[in-house]
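Good morning, everyone, and thank you for making the time. I would like to walk through the packing of helices and strands in this model, and I would ask you to keep the view open while I talk.

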Amino acid sequence: MTRSLRIGKIAGIDLKVHWTFSLLIFGVFGYYLLSGNTVSESLFGLGLILSVFVCVVLHEFGHALTARHYAVATRDITLYPIGGVARLQQIPEEPRKEFWISVAGPAVNVVIAGILFLGITFLGSFPTIVEMMEPAGHFAAKLMWFNIVLVGFNMLPAFPMDGGRVLRAILAMRTDYMKATQVAAAIGQGMAILFGFLGIVTFNPILLFIALFVYVGAQQEARMTMIRIAVEGVPVRQAMVTRFETLRSSSTVSDAVEKLLAGSQQEFPVVDEGQLAGLLTRKTLVQALSENDLDTRVSKIMQQSCAVVQETEMLEDVFRQMQEEKCSALPVMSGDTLVGILTLENVGELMMINSAMTTSKARGELEDLITS
Ligand SMILES: [Zn+2]
């Protein structure tokens with residue numbers, strides 16, 4: 001998201017263009033020219049593609065403004081050569097809301113195609129297929145066609161495309177959210193494999209790329225949902241590690257390595273006189289080992305940027321925070337006292353236990369066991 005240029009603000013939402021988008025502009029223009037078209041024909045082609053992207057922006061605003069209707073903010077909308085992305089603050093778990101937010105994007109393209117259809121019907125005439133193949137001319141008809149393709153493509157029932165979300169929302173109205181996600185993700189991955197196969201058979205790299213995009217997207221979506229559901233309503237206290245070793249600011253890398261090798265602990269809170277000073281993660285330790293000598297003080301390499309959390313905070317909020325700030329571990333406090341550490345691994349373990357407890361009865365028993 002970093003290499004994007006902000007080109008404006010519409011309805012309070014930043015509109016950005018990723019740098020690779022410029023490659024598309026040159027690419028399209030160059031492709032037209034090299035295919036033996038005149039400069040004006042090439043400019044026509046470029047204008048058409050840019051108009052398609054205006055429709056893509058309107059599509060994303062369809063998502064963003066519907067999300068706003070449900071009090072979900074949009075961080076920004078970014079254009080990539082393969083399409084647009086509206087980054088919503090969160091995706092509502094209420095199926096009805098997810099359904100309408102997802103449907104709103106393609107619905108915008110349906111409306112655009114409909115308007116173009118009426119315009120062409122009353123003001124002009126539809127070109128034949130041969131005329132449509134010509135490099136220039138029939139702008140409205142071509143734009144209409146692109147909008148229809150956009151609807152068809154986005155409504156494929158595959159995560160992370162809109163159709164995948166619509167499918168999940170419809171399933172979630174009938175079964176539980178987790179199962180709905182798993183089924184939708186499995187269908188998405190099935191479709192990705194199909195795309196991949198078609199891509200190989202037809203030597204189509206774009207199709208292969210889409211296949212990969214969908215496959216990874218489906219997997220991520222399913223995983224994130226599983227984690228979110230597993231940690232729902234669970235306080236940090238339940239997932240943190242309470243038996244742990246600490247280091248001092250004055251400890252050396254060699255002390256830290258000794259502790260790392262002695263047990264299964266990977267992240268070490270750095271504590272001086274009962275006060276938390278920072279956190280040393282395995283990653284930074286290994287990095288320090290390759291760069292510095294063993295006598296380097298822990299205070300020089302420890303992380304101080306990651307927040308501390310209170311044991312009563314909810315895991316779902318903390319987990320989101322960990323991901324956003326890219327912190328693999330957080331010190332957990334009870335008031336001013338360090339009482340535990342929370343790592344992504346703990347969250348993963350909790351998730352595994354929760355998914356093993358298939359019935360809610362068993363889950364309830366586990367909760368009783370943990371809280372008693
Ligand atoms: Zn969309």
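Let me begin with a question: at what angle do helix α2 and helix α5 pack, and how far apart are their axes? Before I answer, please bear in mind that this is a predicted model, in which local features need pLDDT of at least 70 and side-chain atom pairs count only at pLDDT 80 or more, whereas totals for chains, interfaces and linings use all residues. Residues are numbered from 1 along each chain as its sequence is written.

Helix α2, residues 39-69, packs on helix α5, residues 139-154, at an angle of about 45°, and their axes are 10 Å apart. Axes here are lines fitted to C-alpha atoms, for helices over the stretch in contact, with angles running from 0 to 180 degrees between N-to-C directions. Helices (H or I, at least four residues) and strands (E, at least two) are DSSP runs, numbered from the N terminus. The two helices α2 and α5 are therefore oblique to each other, given that angles under 35 degrees count as roughly parallel, over 145 as roughly antiparallel, 65 to 115 as roughly perpendicular and the rest as oblique. The crossing of α2 and α5 is right-handed, a label used when the near helix is turned clockwise from the far one by less than a right angle, left-handed being the anticlockwise case.

On the α2 side the contact is made by L48, S51, V52, C55 and H59, and on the α5 side by F139, K142, L143, F146, N147 and L150; two residues are in contact if their C-beta atoms, placed from the backbone, lie within 7 Å. These contact residues of α2 and α5 divide into 7 nonpolar, 3 polar and 1 charged, where Ala, Val, Leu, Ile, Met, Phe, Trp, Tyr, Cys and Pro count as nonpolar, Asp, Glu, Lys and Arg as charged, and the others, Gly among them, as polar.

Helix α2 also lies across β1, β2 (13-18), β3 and β4, running at about 15° to β4. Those 4 strands form an open sheet in the order β1-β2-β3-β4, with mixed pairing, and two strands pair if DSSP finds at least two bridges between them. Because β1 (4-10) and β4 (83-88) stand at the edges, each with a single partner strand, one side of each has no neighbour in the sheet. Neighbouring strands of this sheet are turned against each other by 25° on average, direction ignored. Strand β3, residues 74-80, runs antiparallel to β4 and is joined to it by 6 bridges, and T74 has L88 of β4 as its bridge partner.
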